[in-house]
Amino acid sequence: MQQKPGLPTQIYEAFASLKLTLFIFLALAFASLVGTLLPQGLTAEQLEQRFSPGVVHWIQTLGLHDLYRAGWFRTLLFLLCLNLVVCTLQRLPKTIKLVRHREEEIKPEKLVKFSLHRQLTSGLPWTETKSCLQETINEAFGGLKPFEGGDKSFSGTAEKGRWSRLMVYGVHLSVLLILFGAMLGSVLGFKGFMNIVEGTSSNEVVLLSGNETLSLPFTVRCEKFDVSFYDTGAPKEFRSDLTIVQGGRDVLKHALLVNDPLEYDGITLYQASYGSVLNEADVEFEDLDSGKVHKMTLPYREIVTVPDTRDQVQIINFQKDFSRFGTAIAIMMRKEGQKAAGSWILADRPDFHGNRIENYKIKVTRMGQSYYTGLQVKKDPGVWVVLFGFTLLVVGIGLTFYTSHRRLWVHAEPVTDADALSKVIIAGRTSRNTDGFEEEFERLCERLQNRLKPQDKG
């Protein structure tokens with residue numbers, strides 16, 4: 001009874017399976033399709049604007065908005081690496097053995113069974129026949145190595161592209177390098193965003209997960225932000241004049257444009273978006289009880305007391321387009337001895353009946369705003385490994401499909417004791433490009449047949 005293999009052997013055989021390779025490739029292809037169709041790098045706010053809450057939940061749970069750094073995607077890459085390594089370790093020794101194998105003899109009855117073979121007749125003396133075979137094959141094909149066959153027979157073999165059978169493992173290596181580079185970038189790299197108000201600086205990057213921040217080894221200062229628009233109102237071009245500050249000094253100045261990123265210290269900054277923030281607002285508070293109007297300037301998020309009262313007000317939020325009603329500010333009011341109350345005030349609709357808090361009717365007369373630049377920040381230490389692997393992949397595929405292992409066998413022996421007539425059998429085989437090799441083989445046979453004819457001495 002055949003003994004069942006142990007668990008380690010079963011695991012090894014499972015990872016050497018081509019079925020597993022196909023499954024992982026299909027899973028990665030499907031995941032990459034999702035990553036292509038679903039825009040990557042969306043923030044939580046952008047996801048909520050585009051999708052329903054249920055869809056947003058699954059996108060964030062599966063990490064589909066940052067697919068290539070998701071744990072399950074990394075696991076697929078690791079499994080594919082392991083599968084390729086095991087497949088290579090299982091098959092490479094056999095291939096090396098085949099490459100190193102050298103035949104020690106040739107049987108003529110075996111050569112005539114080859115699909116590509118020819119039987120020729122030599123009218124030259126036996127010594128000249130052997131010399132002619134050696135010289136012609138060396139000239140036309142190269143590298144004929146004769147076997148020790150005695151004086152009454154001549155055998156030899158010639159081959160090209162012996163090492164081409166190892167090219168497939170070069171492709172394996174290139175794929176492993178690409179996968180390793182991808183995992184290196186996924187684990188050690190990061191991708192996030194930062195919003196910098198014009199005239200301010202920051203070194204904090206919010207990662208795409210939205211739950212973590214990362215501090216850069218340098219600070220980015222936005223000196224100036226400019227945006228131009230088409231006649232339709234759509235943004236035409238936006239530009240950020242940035243300064244990189246490190247060690248307390250300015251080390252680099254760069255005008256950042258869309259599709260013209262800035263790279264510094266292995267970190268790349270892309271111009272991704274822009275927006276505006278509220279600095280302050282001029283607001284009129286009309287006391288509906290007394291009819292008195294208080295004109296005030298409210299700095300953003302600062303608490304201000306309404307004149308001649310103990311009522312305190314504060315702008316706590318700002319939206320450029322509040323529920324499609326235009327610009328709005330959220331104001332919180334605290335009256336002594338009462339709970340805080342608040343409301344969104346529509347700046348573009350001063351007569352809106354909902355622009356009131358407690359006993360105050362509120363009108364926004366001016367808003368002081370500043371632009372902020374939205375930068376996408378990315379670090380990928382594996383990109384050069386991927387590029388090298390891709391180059392090696394292209395070269396490996398080219399060598400694999402455009403080189404072949406071609407081989408010739410030749411055997412000759414005298415037909416009569418007078419050594420005036422000899423029989424020659426030549427056979428060939430190739431690993432690919434059969435048509436091209438057959439043409440080369442036929443030309444060689446014609447050349448041999450012409451040279452093996454006895455020369456007319458008359």
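Predicted model: local features only at pLDDT ≥ 70, side-chain atom pairs only at ≥ 80, totals over all residues.
Local features need pLDDT of at least 70, side-chain atom pairs count only at pLDDT 80 or more, and totals for chains, interfaces and linings use all residues. Residues are numbered from 1 along each chain as its sequence is written, and side-chain values use heavy atoms, without hydrogens and water.

Across the whole structure, 15 salt bridges are found (a side-chain nitrogen of Lys or Arg within 4 Å of a carboxyl oxygen of Asp or Glu).

| Glu 442 | Arg 118 | 2.0 Å |

Helices (H or I, at least four residues) and strands (E, at least two) are DSSP runs, numbered from the N terminus. Arg 162 is buried at 9% relative accessibility, whereas Glu 159 is partly exposed at 22%; buried means under 20% relative accessible area, exposed over 50%, and partly exposed in between (1.4 Å probe, protein chains only). Glu 336 is exposed at 56%, and Arg 310 is exposed at 61%.

The count of disulfides (cysteine sulfur atoms within 2.5 Å) is 0. For Cys 81, the nearest cysteine sulfur, that of Cys 87, is 12 Å away. Cys 81 is buried, with a relative accessible area of 12%.

Lys 295, Arg 356, Lys 361 and Lys 363 form a positive surface patch (residues with over 30% relative accessible area and no salt bridge, like charges being joined within 9 Å). Lys 361 belongs to strand β17 (residues 360-379).

Methods
Patch = residues over 30% accessible without salt bridge, like charges linked within 9 Å, V, L, I, M, F, W, Y side chains within 5 Å. Areas by Shrake-Rupley, 256 points an atom, 1.4 Å probe, with all protein chains shown as cover. Lys, Arg positive; Asp, Glu negative; His and termini not counted. Charge placed at Lys NZ, Arg CZ, Asp CG, Glu CD.
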